[in-house]
Amino acid sequence: MRPQVGQVINNKYRLVRAIGDGGMGSVFEARHEMLGTSVALKFLHPELSKRAGLVQRFLQEAKVSAQIQSPHVVRVSDVDQSPQGLAFIVLEYLEGRTLQTLYEDLYKAGQRLSYADALEYAMQMIEGVEAAHKAGIVHRDLKPDNVMITTGPKGAPLLKLLDFGIAKLKVTGELDRGLTRPGVIMGTPEYMAPEQAYSADQVDARADIFSLGVMIFEML
């Protein structure tokens, strides 16, 4: 059974509202019952948990994301499973909109992103990707839907990279190599480096640089 609004997960997190639903999982805003703080819970769809490798990939996302220390990457604070077998990741709760949503809002208003904003956003995305690469992690699916625009402590735009679900650890032996099989295309074609279309399991940091380049070109 899929998680429901109002449900309390592991006697700790009360689901407040659904934020999003994708092919692999769903995301909810949740309230920590003891602390009263807001978090985001990302669940793997229960029907997918029966497929070999998907739970491992889901848990891999948490493990990978938790290693990256950057204000420009969403924080992972916990990973667990409910007594019913629901695998979930606890993330910092972000308020804002994705870069993709900003594109759409500007288009509807007949406006364009300013050069100053485009360059500021580009620098923040680069810093987030740099932190991931320093940790030995390649995102492999950078796109406007995976960039959240929030507000920093002083009111300025603060960008955070989301969804390291198909990220690849370069450190040999850290993760099951079988999770990414040769010949399987992973990523989003519009932002994907050409070599990734041929072999997702072989790409390195340059694939992320290609995707960043596409996004920066698009913003400008």
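**Exercise 1. How many of the 7 residues of E4 are buried?**

Residues are numbered from 1 along each chain as its sequence is written, and side-chain values use heavy atoms, with hydrogens and water left out.

*Solution.* Buried means under 20% relative accessible area, exposed over 50%, and partly exposed in between, with a 1.4 Å probe and protein chains only. Helices (H or I, at least four residues) and strands (E, at least two) are DSSP runs, numbered from the N terminus.

Step 1: count. In E4, 6 of the 7 residues are buried, so the strand is largely enclosed by the rest of the structure.

Step 2: The protein chain has 220 residues, and 48% of them count as buried. Its secondary structure consists of 5 helices and 11 strands.

**Exercise 2. Work out which strands pair with E4 and in what sense.**

*Solution.* Step 1: recall the rule. Two strands pair if DSSP finds at least two bridges between them. Strands of a sheet pair through backbone hydrogen bonds, either parallel or antiparallel.

Step 1: look towards E3. E3 and E4 run antiparallel and are joined by 7 bridges. Gly25 stands opposite Leu44 of E4. The two strands form a hairpin with 5 residues between them, and Gly36 in the turn has a positive phi of about 75 degrees.

Step 2: look towards E6. Here E4 pairs in the antiparallel sense over 5 bridges. Phe43 stands opposite Phe88 in E6, and Val39 has Glu92 in E6 as its bridge partner.

**Exercise 3. Find the aromatic pairs and describe the geometry of two of them.**

*Solution.* A pair of aromatic rings is described by the distance of the centres and the angle of the planes. Rings of Phe, Tyr and Trp (its six-membered ring) pair if their centres lie within 6.5 Å; planes under 30 degrees apart count as stacked, over 60 as edge-to-face and the rest as tilted.

Step 1: search the whole structure, which gives 3 aromatic pairs. One of them joins Tyr13 and Phe88, edge-to-face, at 6.3 Å centre to centre with 75 degrees between the planes. Tyr13 belongs to strand E2 (residues 13-21) and Phe88 to strand E6 (residues 87-92), so this pair ties together parts that are 75 residues apart in sequence. Both Tyr13 and Phe88 are buried.

Step 2: turn to Phe28 and Phe43, another edge-to-face pair, at 5.8 Å centre to centre and 85 degrees between the planes. The pair links distant parts of the chain, with Phe28 in strand E3 (residues 25-32) and Phe43 in strand E4 (residues 38-44), 15 residues apart. Phe28 and Phe43 are both buried.

Step 3: Tyr13, Phe28, Phe43 and Phe88 form one aromatic cluster.

**Exercise 4. Check the span of helix H3 and list what its buried residues pack against.**

*Solution.* Step 1: the expected span of a helix is 1.5 Å times one less than its number of residues. H3 (residues 115-134) has 20 residues and reaches 28 Å from its first C-alpha to its last, close to the expected 28 Å.

Step 1: among the buried residues of H3 are Tyr121, Met125, Val129 and His133. The buried residues of H3 pack against helix H2 (99-108), strand E8 (137-138), strand E9 (147-151), strand E10 (157-161) and helix H5 (205-219).

Step 2: H3 is followed by Gly136, whose phi is positive, near 80 degrees.

**Exercise 5. Decide where confidence is lowest and highest.**

*Solution.* Step 1: pLDDT is the predictor's confidence in each residue, from 0 to 100. The protein chain averages 86, and 89% of the residues score at least 70.

Step 1: confidence is lowest in strand E11 (residues 168-169), at a mean of 60, and highest in E10, at 97.

Step 2: note residues 170-179, where pLDDT stays under 50. Where pLDDT is low, the predicted coordinates should not be read in detail.

Technical notes
Contact means heavy atoms within 4.5 Å.
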